[in-house]
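Please look through the structure below before reading my notes.

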Amino acid sequence: MRIGSAKQSYAADAALFDSRTQWAWVGVLVASLLAFPFVANEYWLYLACLVAINIASTTGLNLLTGYTGLVSLGQSAFMGLGAYTVAILQIRYGTPMLLNLLAGGVVAMLAGVVVGVPSLRVKGLYLAIATIAAGVIAHFVFSHFADLTGGSAGLSVPPAQVLGVVLDSSFKLYWVIVPITVLLLIGAANLFRTRIGRAFIAIRDRDISAEVLGIPLLRYKLLSFAISSFYAGVAGGLFAYFFRAITPESFPLIMSIFFLAAVIVGGMGTMLGSVLGAVFMTLVPEVLKLIVGWLPLGESAMLVLSPVRTIVFGLMIVLFLIFEPHGLAEVWRRIRRLFHLWPFRT
Amino acid sequence: MTMKKRTFMAATAATLASLSSPLLAQAQKKAAAKGAPAEDIVFGASMPMTGVFAFAGIAIDAGIKDYLSILNESGGVEGRKVKYVPEDTAYKVDQSMAAFKKITSQNKVNLYYADSTGFCKAVNPELERHGGILMTGASFAKEISNAQKYPHQFMVGPDYSEMVAILLQYIAKTKPGAKVALVYSDTEFGRDPVEAFRADTQKLGLKIATEIVTPPGSVDVSAEVIKLRRADPDYAIFHGYISAPIPEFINQARGVGMKTQFMGTFWTMDNSTVMRMGPNADGFMGVMPYRYYYDTEGKSPMLEKIRKMRPEYQATGYMQGFLAAMLLTEAARRTLAAGNELNGKNMKIALSSIRNFDTGGIIGVPLSIKGNSIPIGRVYKADFKQQKMVPASDWINLTQ
């Protein structure tokens, strides 16, 4: 049983990690992340990079939907804007990768501010529908501004170079994608130790009360859209470098729904939820495939079990929502509490 | 020395975390070594067994399996068996890539089937880096037919522009100077042949009646039908759809008395897809690069074998998968017969050396391969009385 984690200062109370045990676990995590590329094969490295990109985008959406209470279905459009910006800069000007990613984030951020304007008048489902417009407009721009975007054929992105190293494999990209995602996560976690983050939460809990308390809704709602879109833009940029081919159809509406599902399954309004949700949504279909592959069912197993696997994945999401509406983050917390209080029951 | 439960759990978890990945990788390597002996040729596939393209994926998968089983029973490729390793992708590019990475990290893959244009594009740099794989797939996008840009890929048939060109050649021959409309979906798939359509109509002395673009997944096409009626084309070519909204278009057009001849491209042309369009689609035409399952004209030993193996109708996707496996393994056979290393470059050279190749009746004429596409096709017409697609033209080879 854990005892004696009394806080003696406000700084200690607001700390991201409040005990030595937690710091030890962070150390284990960092060591695992550093060791992973040397022990994993190309397939697991690919999945690790994909998960990291999805975590970055899910974190952005969680800032907006989970923390500020503004439902958005425009996440894929912002990712697309980031991806196209990065691709265009890389192809035409060959500018450095980090600068391109930053530019991708900024372009998406500006678009996010514009798309966020209706959030001042509408909420909930109405806002979700309004943000779908972002996807429609972005798709139109990607398809029809062919001189810039390559039209329906899209763009092939040359590999990025960092310090003379050509990032043309999952192993090399891992060393850029994962640190950027970690930075984005730390940034988001720290945001909620500031006035801005607390204002977002106040708006989510009751926007009228927040305004009465002196939080300007216009500024903070747009700021939430801006930060969320910036995250999506950077994630989109990483997507462009990772897949190295983008078309207007790389960023469909279903992708936005995927990220919204990741936020809900992971746990709205928690950083851990963003991570767990993105990991769950990305890896569970793959893990189910592995399980099906291990079953001694012969050659026709894929034909028979593929639809079953899809149904199981859907069922898992539904069951999570029914039995744990606070998401995987809450499941994680309960497990932690069990260990903290052991041998007593919660 | 005693250890607290929490400390023990932490230590165990940390050890497991650090050990699980290498163990997993080792287990996969062992599985690969066990499952695919070095002498086997490995045929990987990112196959859409679920999702919107599952109807085609299941048929393609069956076609590949059947051809490889015929091939392996007759001794394989230069004495080497071909091992088929498919993975479901749900027709999503990220999952297709994951399948590719998984299959290639567990097997020494030589041949590969790709499920979509998006995946063909995304995997292209990886193919060049890998160097050991020859790939074909379900994409007929014009861009993939660029052999310089996609040196390790090819398509099993004409690209979409060439499909439309085959239809236009047929139209120009049947009704010179005819008015032709193009109806396409506002997708990458739909927009693919638009420019070629414009150029080819002009070249063949045909007139463009109108071009109509429909939003992806549109159902109500009343406004588009009015536009089509105003243009009153002799022929209207649909592209970028599997079925909907084609039946709606045809029903509404027939309802207002239009006599236009409607046409489609490969993915619309499966027998069951056309027959489900309803009686107004009787006479619906389209381009087909392969013969239908039930075609009996001429000598077609492979089709007969297929009919023996599978007495029930097999979709056109099956023929595509069957021919894909035939051509990929033929490229491997020629490479090995020449004593060359089995890699993407050598296999592509071997593939390009194919001249007057007899597909056993899968395509009605001998084929020669030059470049990334095979611009051969035939126009078929729906006969609702027989519930079959019947030939409306001879085989049209755009290279001749």
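Predicted model: local features only at pLDDT ≥ 70, side-chain atom pairs only at ≥ 80, totals over all residues.

1. How many residues does each chain give to the contact? Chain B gives 35 residues and chain A gives 34 residues. On the side of chain B that touches chain A, at least two residues come from each of α1 (5–35), α2 (54–73), β2 (82–88), α3 (93–106), α4 (117–130) and α6 (188–191) of chain B. The largest share is that of α1(B), with 10 residues. Sorted by class, this side of chain B holds 13 nonpolar, 13 charged and nine polar residues.

2. Chain B is assigned two stretches for each of its domains: domain 1 covers 37–158 + 298–369, and domain 2 covers 160–288 + 377–397. Their C-alpha centres are 29 Å apart. In the contact between them, 11 residues of domain 1 of chain B meet 17 residues of domain 2 of chain B. The side of domain 1 of chain B that touches domain 2 of chain B is made up of six nonpolar, four polar and one charged residues.

3. The next points concern the backbone. Most residues other than glycine have a negative phi, and most peptide bonds are trans.

4. Which peptide bond is cis? The bond from B:Ala244 to B:Pro245 is cis, and its omega is near 5°. B:Pro245 sits in the loop between β7 (235–239) and α9 (246–255) of chain B.

5. B:Glu78 is not a glycine, but its phi is positive, near 50°. Look for B:Glu78 in the loop that runs between α2 and β2 of chain B. Is B:Glu78 buried or partly exposed? B:Glu78 has 13 other C-beta atoms within 10 Å, so it counts as partly exposed; a residue needs 20 or more to be buried.

6. B:Tyr91 also has a positive phi, near 60°, and is a residue other than glycine. This residue lies in the loop between β2 and α3 of chain B. B:Tyr91 counts as buried because 23 C-beta neighbours lie inside 10 Å.

Methods
Residues numbered from 1 in each chain as written. Chains lettered and ligands numbered in written order. Contact = placed C-beta atoms within 7 Å. Helix = DSSP H or I, 4+ residues; strand = E, 2+ residues; numbered from the N terminus. Nonpolar A, V, L, I, M, F, W, Y, C, P; charged D, E, K, R; others polar. Buried ≥ 20, exposed ≤ 12 C-beta atoms within 10 Å, placed from the backbone. Domains from an automatic or database assignment.
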